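Please read them with the model open.

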Amino acid sequence: MRIETDLKLGFKDVMIRPKRSTLKSRAEVSLEREFKFLHSTAKWDGIPIMAANMDTVGTFEMAKELARHKLFTAIHKHYSVSEWNDFLSTVSPEFYDYIAVSTGTGKEDFKKVIEIINANPQLKFICIDVANGYSEQFVNFLKQTRKQFPDKVIIAGNVVTGEMVEELLLAGADIIKVGIGPGSVCTTRIKTGVGYPQLSAIIECADAAHGLGGHIISDGGCTTPGDIAKAFGAGSDFVMLGGMLAGHAESGGELLEIKGKQFKQFYGMSSATAMNKHVGGVAEYRASEGKTVTIPFKGNVTDTVLDILGGLRSSCTYVGASRLKELTKRTTFIRVSEQENRIFTNE
């Protein structure tokens, strides 16, 4: 046993210090980025914000709407091969740049991914997603996937430390998902005591990834557009959202009416709700590590997307970044003990 005494920070612990800017308007800020990848020869251009591969967020309907704004969706892994084929028969070739096929690490998972991609070879992205990316099995599955799909862009995670980022990149990943426990419906930190404050995880993992020519996704912990700006400012290449994109018309989850008001169900993929739905219940050897909540129905996701992008452009103008790519270089974080004046909030 040992104790590390270096301070680790989350989004609530910092704010971005403003700097002199020559930008005249938010309209001058470009949020689009272009990426090349460590292993795949593919290129990607778009706004690097992603919908999480949760069945209440990463839906086909969400993907169609986000792609209109050049945002990305990691489609959840519970669609069947026939559902994938039916859906992709309705989309344009450009759409393939903005979706990933998600998978676990089981034999049936691997078989399913092969079937989906063999039927739709235009698909470019694979997201290998497990709660704990530190297992040897996960690394071996990643190597197997890279061997099977040498030119696909492979996303792998989740981890929170630089050494594991490096191992996954060397094993064949192009992009690493970073985050253990920060999500709004994740209870891993409560159930296990394991985790890492998200801002520090981004800073350390980005440094490790960029040194090898890889990229990272900040996955979890964002509750406001300002948090997204902080994630990009800390060095993340992509930011993945769950709760901020839940509760919309395009989201999954049951639409409920409670006392005349509409709500949608939102739950973590390690929750009892998800496991009852997809694997027949919570196995005796494990615990549920996710919440199930109801959130007010938010309408069409486009309104939320425009609010997020507007806030992000404004962040860039406050530090003089004309492009999102410049935000990291222009960011200085200050540690704080307060974030906002909450006197007129009902929370």
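1. Ile175 has His215 of β10 as its bridge partner. Strands β9 (residues 175–178) and β10 (residues 215–219) run parallel and share four bridges; pairing requires at least two DSSP bridges between two strands. Helices (H or I, at least four residues) and strands (E, at least two) are DSSP runs, numbered from the N terminus.

2. The model is predicted: local features need pLDDT of at least 70, side-chain atom pairs count only at pLDDT 80 or more, and totals for chains, interfaces and linings use all residues. Residues are numbered from 1 along each chain as its sequence is written, and side-chain values use heavy atoms, without hydrogens and water.

3. Eight strands, in the order β4-β5-β6-β7-β8-β9-β10-β11, form a closed barrel with parallel pairing. From one strand to the next the twist averages 25° (axes are lines fitted to C-alpha atoms, for helices over the stretch in contact; angles run from 0 to 180 degrees between N-to-C directions).

4. In helix α7 (residues 198–212), the buried residues include Leu199, Ile202 and Cys205 (buried is under 20% relative accessible area, exposed over 50%, partly exposed in between; 1.4 Å probe, protein chains only). Gly213 follows α7 and has a positive phi, near 90°.

5. UniProt, in an unreviewed entry, places a "binding site" at Gly181 and Gly183; such annotations may be inferred rather than shown by experiment. Gly181 lies in the loop between β9 and α6 (188–192) and counts as buried because its relative accessibility is 14%. Gly183, in the loop between β9 and α6, is partly exposed at 26%. Leaving out residues up to four places away in sequence, Gly183 touches Gly220 and Gly221 (contact means heavy atoms within 4.5 Å).
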